[in-house]
Amino acid sequence: MRINCPLCGARDSREFHYRGSAKLIDRPLPEQGRAAMFDYVYIRDNPAGVTRELWHHRNGCRAWLVVARDTTSHKILSVELAADRGRVRS
Ligand SMILES: [Zn+2]
C-alpha cells in the first residue's frame with residue numbers, strides 16, 4: 001500500500017505508523033463531562049467501508065495525516081494534513 005503524503009509524495013506505507021481513528025483529533029472539552037471522555041478513550045468503532053484514520057509519517061517528514069481509506073479494499077481515497085483538520089479553539 002502506498003500513501004500519498006501531502007509533503008513528501010507517494011511513499012510505501014511502511015514509512016508510516018497507523019495511530020487509530022481520526023476521531024481522536026476531536027478530544028472532548030472538559031465541560032462535555034466524564035462520559036464524553038470515557039467514550040473518547042475506550043469506545044472504538046470497527047466499520048467495514050470508508051474510514052478516516054490518523055497516520056504518522058514516522059520515517060519521513062513526521063507529519064500527522066488524516067487518511068480516508070476503504071477497509072474492505074484498502075483503497076486510499078484521500079490524504080490530508082491532520083493540522084488542517086483539527087479543531088480550532090479560541
Ligand atoms: Zn511526509
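**Figure 1. R62 sits in the loop between β4 and β5.**
Everything shown here comes from a predicted model, in which local features need pLDDT of at least 70 and side-chain atom pairs count only at pLDDT 80 or more, while totals for chains, interfaces and linings use all residues. Residue numbers start from 1 along each chain, following the sequence as written. Strand and helix names refer to DSSP runs numbered from the N terminus (helices are H or I, at least four residues; strands are E, at least two). R62 has a positive phi of about 70°, although it is not a glycine. As a rule, most residues other than glycine have a negative phi. Is R62 buried or exposed? R62 counts as exposed because 9 other C-beta atoms lie within 10 Å. The cut-offs are 20 or more other C-beta atoms within 10 Å of a residue's own for buried, 12 or fewer for exposed, and anything in between for partly exposed, with C-beta atoms placed from the backbone.

**Figure 2. H74 is the residue to look at in the loop between β5 and β6.**
H74 is not a glycine either, yet its phi is positive, at about 65°. With 9 other C-beta atoms within 10 Å, H74 is exposed.

**Figure 3. β4 and β5 run alongside each other as an antiparallel pair.**
Strand β4 covers residues 50–56 and strand β5 covers residues 64–70. Seven bridges link β4 and β5 (two strands pair if DSSP finds at least two bridges between them). Which residue of β5 is the bridge partner of H56? That would be W64.

**Figure 4. Four strands make an open sheet, in the order β3-β4-β5-β6.**
The pairing in this sheet is antiparallel.

**Figure 5. β1 and β2 form a hairpin.**
Three residues lie between the two strands. β1 (residues 2–5) pairs with β2 in the antiparallel sense, over four bridges. Zoom in on N4 and you'll find A10 of β2 opposite.

**Figure 6. L24 belongs to the loop between β3 and α1.**
The helix α1 spans 34–42. L24 has 14 C-beta neighbours inside 10 Å, so it counts as partly exposed. C5 is 19 residues away from L24 along the chain, and their C-alpha atoms are separated by 20 Å.

Along the sequence, the pattern reads β-β-β-α-β-β-β. The C-alpha trace spans about 40 × 30 × 20 Å along its principal axes. Of the 90 residues, 10% count as buried. Among contacts with a separation of 6 or more, 53% involve residues 24 or more positions apart (a contact needs C-beta atoms, placed from the backbone, within 7 Å). Confidence comes as pLDDT, the predictor's score for each residue from 0 to 100. The protein averages 91, and 93% of the residues score at least 70. Confidence is highest in strand β2 (residues 9–12), at a mean of 97, and lowest in strand β3 (residues 17–21), at 93. Where pLDDT is low, the predicted coordinates should not be read in detail.

Technical notes:
Contact = placed C-beta atoms within 7 Å.
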